[in-house]
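Open the model in your viewer and keep the selection panel at hand.

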Amino acid sequence: METMTAREELLELISHARGDEKHDASSFSTLDAIQVLYEVMNVDPASPGWQDRDRFLLSKGHGPLAYYAVLAHNGFFDGDELARFMSWNGILGAHPDRLQVPGVEASTGSLGHGLPMAVGVAYALRARRRETQRVFVLTGDAELNEGSNWEAIIHAGSARLSNLTLIVVDNRSSNVDLGEIAAKLRAFAWDAVPVDGRDHDALRAGYTRRADGPTAVVAVV
Amino acid sequence: MTMREESMAAVVDVFERDDDVALVMADISLDYLRPAVEHDPRRAINVGIMEQSAVGVAAGFALEGYHPIVHTLAPFLAERPLEQIKVDFGYQGLGGLFISAGASYDYGESGGTHHAGGDVQALGSIPRIEVLVPGSPAEAGQLVRSTYANGRPTYLRTSTVENDEAVELAPGGLTVVRRGTELTVIAAGPFLSRTLAALDGIDATVLYATTLVPLDPETLAREAAPAHEVVLVEPVYEGTTAGQVAAALAHRPTRLLSIGVPRRFLKRYGTAEQHDAELGLDAGAIRERIRAFLG
C-alpha cells in the first residue's frame, strides 16, 4: 500500500471528526496555511512548552479542525482524539482551549483577541532577549471587522515588532468590503504580501520573509 | 500622596525589583510611571489609547510568564475591555493586576462617561477574579505589593475619596474594626470613615471590606453579631455585594440593609462630596437610613 501524503493524512484526521458543519468552510480554508506553518516553525511536539519554540496563536478560533489535525499530525497529541471532537469526553472543543490541548498557545473563539495577545507575546520575547523566536498569529478576513485587531495593527507597526507575523486567511467571508487587506496593513507600516493560500511554496516564502517591522501574509483562498 | 499616586509608586517599586513584572499603559498616568519606562522600556509599554489591546498585550506578557500590570481610568479598564479580562485572563487561567483610577463619581464634573459605579459588579462576574477596594493610599500601595504576583486576575480600584486613616488589613480583606451587639455593619473601602461616623452611639460590629470579590465568608460568618440586622455600605452600585453577604450568612436569619450608589446616571456636575449629599451617601444620610432600619 502506498504511504499517505501529509495532506491525505490530514484529511483522514479531519474525516474522523463530526458535527461542526457550521465551521466546515473555515476549517478547510486554513488547512494549507497551518500545514505549511508547522513545517516552518521551530516547535517540539514532545515538549509543547519548550522555551525556544516559535509561537502560534490561532486568533480565528472558529473552525479549528484543520489546526487540530495539523497538531495531531505533528505528534502533539494522538489522532484518535479527533474522533472525540466536540464531545463530552474529548479535549477538542469547537474553539481551542490552551489549558486542555497540548500545543495550543491561546484559548480563542472570541474574535479579535489573538492579535493583541500576539503583540504582547512578541514584546515578552523581546524583553527576554529572545527576539529571534517568532510569533505567528492567524486571523480570518471577516475577523478583521473587529476593531481590536486594528488597535493592535496600528500599535505593532508603530512599534516595529519584527518578530511578529500575521497570517490573514482571506476566503472573502467578510460582509464588509475590506478592499485589499495587504495594502491596508502596509499603510500601517507592516510588510504585507498577498499570496495564493493554496500554494505551499508561496506560503512558505511568505512566512520566511523578514523585515524591520511586523510582516503579514494574506493567504487568499 | 493620593491612592492613585501611592499605587503607581508601588507599581514602579515592584517593577524595578522584579524582572518578571510587565507594565502596560494606555496613555494615562504616564508621568507617574515614567521611572519604570526608564528602568526597562522593553517591559513597560504604553500601547496608546486602545484599552482592549492593552489587556490583550498584557495577556501576551502573562502567557510568557510575566506578571502584567495594566492601568487606566475605571470605565476604560473595567467596562470597555471586560471581555478581554474575562477571556484572555479569566478563561486562560492567567494572572494580572488591573489598577483603575476614578472610582464611581470621583470625577463628578466629567459626566456619565467617566463614572463607574458598576465596575465591581461587572468584573465580579468573572470566575477566579479578585476585586480590591482600598480606602487609603497606604492600603493601595500594600495591596499592589501583595497581589501583583498572585496568579489571578485582580482589580484594584483606587479612589480620590479616602478614609481618615489607614487600617492594618486582615489577610482575607475583611478586617474587624470593632465588635458590638446591636447590628453588624460591613463598610467597604473609602466608605469606612463615614460609616463609623454614622454609627456614633450605636453598638455595632464593624467589618471593613477591602476585598469585595470574594468577600471573606468565614470571617463574616464568624464575626457577625448575633442580632439579625446587617448593614452593607459600599462605594459601588447598591446591592453589588449583597448576594455574597446573604450567602455567607445563610445559616442564620438575617435582615439586610444595602446602601450603595443608586443605579442611575448622574446628570449634575460637581465634586464627589456634592454627589454624596445628593445621593444620600454622606455620614448623616447613612445614619438616618440605619436608624430607620433599626426601628
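Is T254(B) buried or exposed, or does it count as something in between? Select T254(B) and the C-beta atoms inside 10 Å: there are 16 neighbours, so T254(B) counts as partly exposed. The scale calls a residue buried if 20 or more other C-beta atoms lie within 10 Å of its own, exposed if 12 or fewer, and partly exposed in between, with C-beta atoms placed from the backbone.

Before moving on, some notes on the model. This is a predicted model, in which local features need pLDDT of at least 70 and side-chain atom pairs count only at pLDDT 80 or more, while totals for chains, interfaces and linings use all residues. Residues are numbered from 1 along each chain as its sequence is written, and chains are lettered from A and ligands numbered from 1 in the order in which they are written.

**Around T254(B)**

T254(B) sits in the loop between α10 (242-248) and β12 (255-261) of chain B. Helices (H or I, at least four residues) and strands (E, at least two) are DSSP runs, numbered from the N terminus. Leaving out residues up to four places away in sequence, T254(B) touches H228(B), V230(B), A246(B) and L249(B); contact requires C-beta atoms, placed from the backbone, within 7 Å.

Next, show the open sheet of seven strands, ordered β2-β1-β3-β4-β6-β5-β10 (chain B), with mixed pairing. Two strands pair if DSSP finds at least two bridges between them.

Select β4(B), where six of six residues are buried. G96(B), F98(B) and S100(B) lie on one side, with L97(B), I99(B) and A101(B) on the other. In a regular strand the side chains alternate between the two faces of the sheet. Strand β3 (residues 67-73) of chain B runs parallel to β4(B), joined by five bridges. S100(B) is the bridge partner of T72(B), and R157(B) in β6(B) is the bridge partner of S100(B). The pairing of β4(B) with β6(B) is also parallel, over five bridges.

Helix α7 (residues 137-147) of chain B lies across β4 (96-101), β5 and β6 of chain B, at about 170 degrees to β6(B). Axes are lines fitted to C-alpha atoms, for helices over the stretch in contact, and angles run from 0 to 180 degrees between N-to-C directions.

**Helix α11(B)**

Move to helix α11 (residues 272-279) of chain B and pick A272(B), H275(B) and D276(B), which are buried. They cover an arc of only 105 degrees around the axis, so they are on the same side of α11(B); the arc is that of the directions from the helix axis to the C-beta atoms. G280(B) follows α11(B), with a positive phi near 75 degrees.

**Two domains, then two chains**

Colour chain B by domain: domain 1 (3-157) and domain 2 (174-294), with bounds from an automatic or database domain assignment. Their C-alpha centres lie 26 Å apart. Across the boundary, 22 residues of domain 1 of chain B are in contact with 21 residues of domain 2 of chain B.

Finally, show chain A. The contact takes 22 residues from chain A and 25 residues from chain B. On the chain A side, α5(A) gives the most, with 11 residues.

Note on methods:
Two residues are in contact if their C-beta atoms, placed from the backbone, lie within 7 Å.
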